[in-house]
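Reader: I would like to learn how to read the features of a model like this one. Please give the general idea each time, then the case at hand.

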Amino acid sequence: MKKNLVRVATVLALSLPVSTHQAQALELKVADSFPAGHYLVRLMLKPWMDDVTKRTNGAVTFTYYPNQQIGKAADMLRLTQSGVVDIGYIGPSYVSDKMPLSEVAQLPGAFATSCQGTLAYWKSAREGVLAKQEYAPNKIKLLMAVVLPPYQVWTVKSKVETVKDMQGLKLRTTGGAQDLTLRALNAVPVRMAAPDAYESLSRGTMDGLLFPLDSVVAYGLDKLVKHGTEGVSFGSFIVAYSINQSVWDKLPDDVKKAMNEASEAITPKACADVDKEGAVTKKQMQDEGVTFDPLPEATRAEMKDKLKGVGHEWAAGLDSRGKQASAALKEFDDLLAAGSK
């Protein structure tokens, strides 16, 4: 191990940006768009970095740049590919032109918990269709991911109780599959990155959001919204940290092993923690005056009926462009089914 860790210093000295080399050869640059103290950084990224440092006896450490310090969410793929950062938070929705198949984990009604979606996506993105069709061509390797709990509709003024209440609502989405979801319900998707949602909502240019519960609080949106739905999955979102493939390839085997073990350990733990935190966050929001409105059974049935074709519409559109969306959808559904047994 010690011999290999000596080699990693040489490897990283050659592969990392000059500024990183001058500071400390074993440091890797990590960047994302999350605000300081974001729950996913606390539950996933920081424990992973600490674990890697521990497993390598302190030889591999990290310099972390949160809150869009190096670039916006939509820039993270390019910045990681070019080596400006070594590990970046690459949300597939923000680069849907480059990673369209990953949205298979963001379709409505597919799963009920973060862990169900996370473990299925993890297997596909590490060794299945998504690994081969999206991560490899983009020259990045997935290190850790969480698929968020099902998104809900959050509104500033009127609450949603029927399908008719959705008509014409301008709601923030991440694009792609979420746009299809809202259009199926006659709502109006407004595509934007999460850090930009507060300003748009406070100005009144949107009626609300498609968002997961904990992220509403993480971005301060609980100060603006008044109502949240319950009972229907309006899709999800993938939070994924990936490493530049060239940097990865040059790492010694023992360092790769340490990172892989840390990744395998944090992925099921992080999604379980995300699922658990939902109940605490819900109570906090209720205390602040946000109401949670379970959708009536008739509304749930009608919405689910309207949304059941979104997955096939999504796949057909990408298949027609030469993408293997139907294969990705089948694999993801099979992995969800296997995980529920």
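Author: Start with burial: buried means under 20% relative accessible area, exposed means over 50%, and partly exposed lies in between, with a 1.4 Å probe and protein chains only. This is a predicted model, in which local features need pLDDT of at least 70, side-chain atom pairs count only at pLDDT 80 or more, and totals for chains, interfaces and linings use all residues. Residues are numbered from 1 along each chain as its sequence is written, and side-chain values use heavy atoms, with hydrogens and water left out.

Reader: Does Ser242 count as buried or exposed?

Author: Ser242 has 1% relative accessibility, so it counts as buried. Helices (H or I, at least four residues) and strands (E, at least two) are DSSP runs numbered from the N terminus; Ser242 belongs to strand 10, residues 238-244.

Reader: Which residues is Ser242 in contact with?

Author: Contact means heavy atoms within 4.5 Å. Setting aside neighbours within four places in sequence, the contacts of Ser242 include Thr80, Asp86, Tyr135, Lys141 and Leu143. Leu143 lies in strand 4 and is buried, with a relative accessible area of 0%. Beyond residues up to four places away in sequence, Leu143 touches Trp48, Trp122, Tyr241 and Ser242, among others.

Reader: How many residues does the largest nonpolar core have?

Author: A nonpolar core is a set of buried Ala, Val, Leu, Ile, Met, Phe, Trp, Tyr and Cys residues joined through side-chain atoms within 4.5 Å. The largest one here has 106 residues, and Trp48, Tyr121 and Tyr241 have the most contacts inside it. Helix 3 (residues 39-55) supplies the largest share of this core, nine residues. Tyr121 touches Pro92, Leu130, Tyr135 and Phe332, among others, when residues up to four places away in sequence are not counted.

Reader: Which cysteines form a disulfide?

Author: A disulfide is a pair of cysteine sulfur atoms within 2.5 Å. A search of the whole structure finds one: Cys115 and Cys271, with sulfur atoms 2.1 Å apart. The pair links distant parts of the chain, since Cys115 is in helix 5 (residues 114-127) and Cys271 in helix 12 (residues 253-287), 156 residues apart. The torsion about the S-S bond is about 95°, so this disulfide is right-handed. Cys115 counts as buried at 17% relative accessibility, and Cys271 counts as buried at 0%.

Reader: What is the strand order in the open sheet of six strands?

Author: Strands of a sheet pair through backbone hydrogen bonds, either parallel or antiparallel. Two strands are taken to pair if DSSP finds at least two bridges between them. The open sheet of six strands has the order 7-6-8-5-9-11, with mixed pairing. Strand 7 (188-191) and strand 11 (291-294) stand at the edges with a single partner strand each, so one side of each has no neighbour in the sheet. Strand 5 (residues 152-155) and strand 9 (residues 227-230) run antiparallel and are joined by two bridges; Trp154 has Gly228 in strand 9 as its bridge partner.

Reader: What joins strand 1 to strand 2?

Author: Five bridges join strand 1 (residues 27-31) to strand 2, and the two run parallel. Lys29 has Thr63 in strand 2 as its bridge partner. A crossover is right-handed if, with the strands pointing away from the viewer, the path from the first strand over the helix to the second runs clockwise. The chain goes from strand 1 through helix 3 to strand 2 in a right-handed β-α-β crossover.

Reader: Why is helix 8 described as largely enclosed by the rest of the structure?

Author: Six of its eight residues are buried, so helix 8 is largely enclosed. The buried residues of helix 8 pack against helix 7 (163-166), strand 6, strand 7, strand 8, helix 13 (297-307) and helix 14 (310-319). Just after helix 8, Asn186 takes a positive phi of about 65°.

Reader: Where is Lys139 found?

Author: Lys139 is found in the loop between helix 6 (129-135) and strand 4 (140-147). Its phi is near 60°, a positive value in a residue other than glycine. Lys139 counts as exposed at 57% relative accessibility.
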